[in-house]
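The sequence and structure come first.

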Amino acid sequence: MTDELRVVRAGFAPIKGTRHLAYDQVVLDAQGAVGDRGLALVSVDPEDPARGRVLRTVQNPSLVAVRAEVVGERLEVELPDGESAVAEPAATGESITCDYWGRDVELELVGGPHGELFSRWLDRPVRLARARRGDVVFAGSVSVVTTASLRDLAGRTGQDALDAARFRPNLVVETDEPYAEDTWLGREVRVGGATLRIGVPIPRCAVIDIHPDTGERDLRVLKTLATHRPLNRAGEPAFGVFAEVVTAGVVG
């Protein structure tokens, strides 16, 4: 029997590292949320233009302040100061092999004004690139956090509430018991029109200390989390769970 969970927020970021947006509907397929991190920013190795590195959120927190959204064929990017770029990210025919958490991924460089906008914002040259589905995703294809766990952690950090976007989840589901998701390993759950199989807990890093709109470090959430949650071998505390899509469908 498959249990059903009520989704209260669904979202993703179309460019890895940019602001995590909520959507009325999200399509889930075998590779996760359609549109999730389909694009990434890369820094090119000046000594070897065929190689580069995918920019990570934890090392580039100011990316979180940038809003990016795909509307039709166009990519709309807006900086906090209002400067923007709107264009279709067109293929250039160039590819680049990038390091992403110790593994090589091949990305397709795209043209348009977005790379220049991001370069000015980051004060260093970067290129926009298209990633194959799942290539710039750390682990499980879908990430899930729960309302009860968010409430518990907010209280422990002295806050009335924590914005779920701080944890960049694809889905926030309603629960009554904090950290009940720890017991869901292998369980199949229905979310909207899709079915998920719950996987392992998500290890957290300093990204969760970053305000989800400004990119500024504002709370010591990671340290608080580490006081009461299981730690992995790297000393990272768990919050939320990964999941894989068993049956594709629309959530929202």
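Gly-158 follows helix α2 and has a positive phi, near 80°. Helices (H or I, at least four residues) and strands (E, at least two) are DSSP runs, numbered from the N terminus. The model is predicted: local features need pLDDT of at least 70, side-chain atom pairs count only at pLDDT 80 or more, and totals for chains, interfaces and linings use all residues. Residues are numbered from 1 along each chain as its sequence is written, and side-chain values use heavy atoms, with hydrogens and water left out.

**Helix α2**

Helix α2 spans residues 147–156. Its buried residues are Thr-147, Ala-148, Ser-149, Leu-150, Leu-153 and Ala-154. Buried means under 20% relative accessible area, exposed over 50%, partly exposed in between (1.4 Å probe, protein chains only). An α-helix has 3.6 residues a turn, so residues three or four places apart point the same way. The cover over the buried residues of α2 includes β2 (7–12), β14 (142–146), β15, α3 (221–226) and β18. Contact here means heavy atoms within 4.5 Å.

**Aromatic rings**

How many aromatic pairs does the structure hold? There are three. Rings of Phe, Tyr and Trp (its six-membered ring) pair if their centres lie within 6.5 Å; planes under 30 degrees apart count as stacked, over 60 as edge-to-face and the rest as tilted. Tyr-179 and Phe-239 form an edge-to-face pair, because their ring centres are 6.3 Å apart and their planes stand at 75°. This pair links distant parts of the chain, 60 residues apart. Tyr-179 sits in the loop between β15 (171–173) and β16 (188–191), and Phe-239 in strand β18 (residues 238–247). Tyr-179 is buried at 12% relative accessibility. Phe-239 is buried too, at 1%. Ring pairs join Phe-167, Tyr-179 and Phe-239 into a cluster.

**Pocket and cavity**

On a 1 Å grid over the protein atoms alone, a cavity is a set of points where a 1.4 Å probe fits but cannot get out; a pocket is an open set with protein on both sides within 12 Å along at least five of seven lines; lining residues have an atom within 4 Å of a point. The structure holds two cavities of 30 Å³ or more.

| Space | Volume | Lining by class |
|---|---|---|
| Second largest pocket | about 230 Å³ | six nonpolar, three polar, five charged residues |
| Second largest cavity | about 40 Å³ | five nonpolar, one polar, two charged residues |

Fourteen residues line the pocket; Gly-38, Leu-39, Val-70, Pro-89 and Arg-130 lie nearest its centre. The lining of the second largest cavity includes Arg-166, Arg-168 and His-211. Grid points are joined across faces, edges and corners, and a volume is the space filled by probe spheres set on the points. Ala, Val, Leu, Ile, Met, Phe, Trp, Tyr, Cys and Pro count as nonpolar, Asp, Glu, Lys and Arg as charged, and the others, Gly among them, as polar.
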